[in-house]
Amino acid sequence: GFTNLQLLKGICIIDVPLTELPMNIGLLKGLERLEVYNSKLESIPNSIGQCSKLQELTLVDGNLKDIPKSVCDLKNLQTLKIKNHQILTLPNDIGGLSNLIYLYLNGNKLSSLPNSICDLNNLFTLTLAENDLSELPKQIGRLSNLKLLALQHNQLKKLPLGIFDLTSLQGLSLKDNKLKTLPKQIADLQNLVELDVRDNPFSSLDIDHYTKILINCRIKSNCC
């Protein structure tokens with residue numbers, strides 16, 4: 001039983017068609033890393049929140065529709081990767097993951113984000129590609145340590161001005177959204193080294209202008 005596995009630090013499950021994790025997974029008090037790839041996972045037990053030493057939770061390719069609130073109790077979590085599932089919403093308390101550095105949520109069905117995501121002050125990487133996002137939280141600029149923001153393949157029609165407060169940002173991908181303009185405040189992102197704005201319905205886009213003001217940035221666009 002799990003009670004005899006108190007010292008287990010890592011679990012990696014690949015190509016196993018399990019639909020759920022054991023309800024008593026919370027008994028693994030020493031667990032630091034949990035990875036599940038290419039499964040049929042449909043749910044995560046609430047007891048996951050008792051794995052207080054967990055630093056990495058990676059769930060890739062499955063059928064999860066939500067994330068239990070108890071995940072927000074994992075105060076030592078540094079990496080949360082839930083890619084290619086069916087996640088519709090994030091827990092409102094996700095901002096309580098104060099040590100989170102990497103958050104990967106590519107390939108889900110998110111249409112909005114809770115405001116508390118802006119409380120993740122230690123976040124370096126936030127990837128939200130291939131979702132259904134139509135807007136971002138206005139306070140996103142509070143993610144002062146963010147270096148990579150991946151928003152490609154969403155439904156964004158405009159960007160909140162707060163995004164231009166992300167002065168540590170080095171990579172910003174806006175490819176394949178619904179953007180018609182690129183605000184002039186993008187000039188404030190002087191640490192950008194790569195900006196991808198391809199496949200947006202821009203009414204006009206003066207790439208030469210942005211190239212001059214973002215002198216260290218490689219800009220990818222459909223413009224000549």
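## Parallel strand pairing

In this predicted model, strand β3 (residues 56-60) pairs with strand β4 (residues 79-83) in the parallel sense, over five bridges. Within this pairing, Val60 stands opposite Lys83 of β4.

Strand β4 also pairs in the parallel sense with strand β5 (residues 102-104), here over three bridges. In this second pairing, Thr79 is the residue that stands opposite Tyr102 in β5.

## Overall architecture

The protein contains one helix and ten strands. Along the sequence, these elements follow the pattern β-β-β-β-β-β-β-β-β-α-β. The radius of gyration is 19 Å, close to the 17 Å that the globule rule gives for 224 residues, so the protein is as compact as a globular protein of that length. Taken along the principal axes, the box filled by the C-alpha atoms is roughly 65 × 30 × 25 Å.

Of the 224 residues, 47% are buried. The protein exposes about 11,000 Å², and carbon and sulfur atoms supply 46% of that area. Among contacts with a separation of 6 or more, 24% are accounted for by residues 24 or more positions apart.

## Salt bridges

Side chains of opposite charge can pair when their charged atoms come close. The structure holds five salt bridges. One of them joins the side chains of Arg33 and Glu35, at 2.5 Å from N to O. Arg33 is partly exposed, with a relative accessible area of 33%, whereas Glu35 counts as buried at 11%.

Another salt bridge links Glu194 with Lys220, whose closest N and O atoms are 3.3 Å apart. Glu194 lies in strand β9 (residues 194-196) and Lys220 in strand β10 (residues 218-220), so this pair ties together parts that are 26 residues apart in sequence. Glu194 is partly exposed, with a relative accessible area of 32%. A network of salt bridges links Glu194, Arg218 and Lys220. In a further salt bridge, the side chains of Asp196 and Arg198 meet at 2.7 Å, N to O. Asp196 is buried, with a relative accessible area of 7%, while Arg198 counts as partly exposed at 26%.

## Cysteines

The structure holds zero disulfides. For Cys12, which is in no disulfide, the nearest cysteine sulfur is that of Cys51, 16 Å away.

Cys12 is partly exposed, with a relative accessible area of 43%, whereas Cys217 is buried, with a relative accessible area of 10%.

Terms used:
Residues are numbered from 1 along each chain as its sequence is written. This is a predicted model: local features need pLDDT of at least 70, side-chain atom pairs count only at pLDDT 80 or more; totals for chains, interfaces and linings use all residues. Side-chain values use heavy atoms; hydrogens and water are left out. Two strands pair if DSSP finds at least two bridges between them. Helices (H or I, at least four residues) and strands (E, at least two) are DSSP runs, numbered from the N terminus. A disulfide is a pair of cysteine sulfur atoms within 2.5 Å. Buried means under 20% relative accessible area, exposed over 50%, partly exposed in between (1.4 Å probe, protein chains only). The radius of gyration is taken over C-alpha atoms; the globule rule is 2.2 Å times the number of residues to the power 0.38. Contact means heavy atoms within 4.5 Å. Accessible areas come from the Shrake-Rupley method with a 1.4 Å probe; for residues, only the protein chains shown count as cover. A salt bridge is a side-chain nitrogen of Lys or Arg within 4 Å of a carboxyl oxygen of Asp or Glu.
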